Amino acid sequence: GVCQCPAGWDGDDCSTPRKRPCTNRIRTKTDPIDMPVSHIDNVTKEDRNWLEMGWMASRCAGICDEDLGLCYCGQNSTYRRVLPPPGSPPGTPPIEEGRFLVVPCQPSHNFQGIKLDWGQMPLEKIYGAQGWCNAHTVPIEHCSCALEKTTGDFCRYRREVFCLNQCSGHGDCNEGYCKCHEGWYGTDCSRSRAGLPMPPGIPDQVPGHLRHVMRAPTSLASPEERPARKRPYIYVYDMPPALNTRNLQYRLSPNACHWRSFSFHNNSDFKETNGYGLEIHLHEALLISPHRTFDPEEADFFYVPVYITCYMWPVMGWADYPWFHAPSHRPRPMHAANMVLDAKRWVESHHPWWKRRGGRDHIFLMPHDEGACYMPTEVYKTSIVLTHWGRMDLEHQSASGWPPDNYSEPLQMPGYQDVDWRELYKGHPCYDPKKDIVVPLYRAPTQFKLSPLLGAPPRERDILLYFRGDVGKHREVWYSRGIRQKFFKLAHTKLWRLKYDIVIGTAAEYPGEYTEHLARSKFCLVPPGDGYSA
């Protein structure tokens, strides 16, 4: 078998440290290539020198958990993190977990009153008597809960955490990563070790509040109990966690990346704020789908799950690890392209099925703003691509109004990216209708709750044409190729709202419930933004 290691560990048996230390900068040409820059003491896990310049989100004024790059209160405060004794085995939990200390909870001055260039918050609000790290009741300032398992005013309450199919009842969920029970393996712990029985259904020991969000793959049921299987059969690869679920551990922003979450009372509900939620939604849906097969020899298609959008934000640039491959904050699409290329080459080197049809039956999802425009040609030319962006011109340039996402920006860094990364994606369009599929992006059903298609009473369609969103007021001139800006200018200078019942603007101009406006509209305008998105 192959060990799939959680954050902090690597190697054939997950015993090799792969740390993500808190730091004040990223690597330069003079630093070792494969060693993340650390700014914490090897023993105390505290910042080496508060007076040294340099900011990164992981920079820590307390105690650093270097598995995740996560900062906790320190400085002998009441709610500091207390590390296990020296010499404890790897993975030993801390004696006291402590309170989180993440941005913007970084001090603006040290204890001697000297100004720091990397902090934003007065020291008193962090380490004063009523500061976040010492207050028993109401602190002067609240810092955010960095891990999904925590909630409440002081992050002291525990709740369930999202994992793919909640580890199928055969594993423990660790911030999005499934640690499988003895005898089980796979990204979702749905496979039993060779020679062991594969019991169908959800294990009896699974608590009631989890049973309603879990599904047992129907392909595991006995022929007498399962419905007639329908093609296509889809095999879902168990990829290295660095390419998908480890990013859930690294994200340190509980609302990011996934499509559903648990409340304080462990009720599961949709996430409304993640426009890239299809990345994980589709992965989970395929894992529990009746079309899933555990036998790659009978598969019609193969799905390769890679979490590029979760990596691009909020994982990338929090610390000096991980990078794919050059340590650089921009262009972000370069890292996504390298992730996809790493995934393809891992599949090709570990399994025989890519070569069987040259990758033509392998499926990738490219859900970021400009879709597959920068997907490596080596992967794009043969595989099937699911994308939100159906741009078909062969000679294309990035139209993103967010500079770090400009995929036309060059980067070459010897030792990491030996040739200009743009060479990776030359020679293909963003979408090929002969092999690719344009798919809708993720939206929670609650965002359409007033639609008659979901059972709401029909409303008068008194809006002829509707668009509410970013109209480029504070964007680069090439944002949306100028389309949103032009529509907004025409709508307001020509009084389209008064004359024709055409609504084009932002929530400031047209407040109210978005789902109600949609239900009242005859037509909706869908102009490009940074790509397909806002």
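**Ground rules.** I number residues from 1 along each chain as its sequence is written. In this predicted model, local features need pLDDT of at least 70, side-chain atom pairs count only at pLDDT 80 or more, totals for chains, interfaces and linings use all residues, and side-chain values use heavy atoms, with hydrogens and water left out.

**Ring pairs.** I searched the whole structure and found 21 aromatic pairs. Rings of Phe, Tyr and Trp (its six-membered ring) pair if their centres lie within 6.5 Å; planes under 30 degrees apart are stacked, over 60 edge-to-face, and the rest tilted.

**Trp259 and Phe270.** I looked up this pair and found the ring centres 5.9 Å apart and the planes at 45°, so the pair is tilted. I checked burial next (buried is under 20% relative accessible area, exposed over 50%, partly exposed in between, with a 1.4 Å probe and protein chains only). Trp259 has 12% relative accessibility, so I list Trp259 as buried. Phe270 has 36%, so I list Phe270 as partly exposed.

**Trp259 and Tyr442.** Here the centres are 6.4 Å apart and the planes at 70°, so I call the pair edge-to-face. The two residues are 183 residues apart in the chain. Both Trp259 and Tyr442 are buried.

**Cluster.** I noted that ring pairs join Trp50, Phe111, Trp118 and Tyr127 into a cluster.

**Charges over rings.** I counted a charge as over a ring if NZ of Lys or CZ of Arg is within 6 Å of the ring centre and within 35 degrees of the ring normal. The charged end of Arg99 sits over the Tyr79 ring, 3.7 Å from its centre. Arg229 lies over the face of Tyr233, 4.1 Å from the ring centre.

How values were computed
Helix = DSSP H or I, 4+ residues; strand = E, 2+ residues; numbered from the N terminus.
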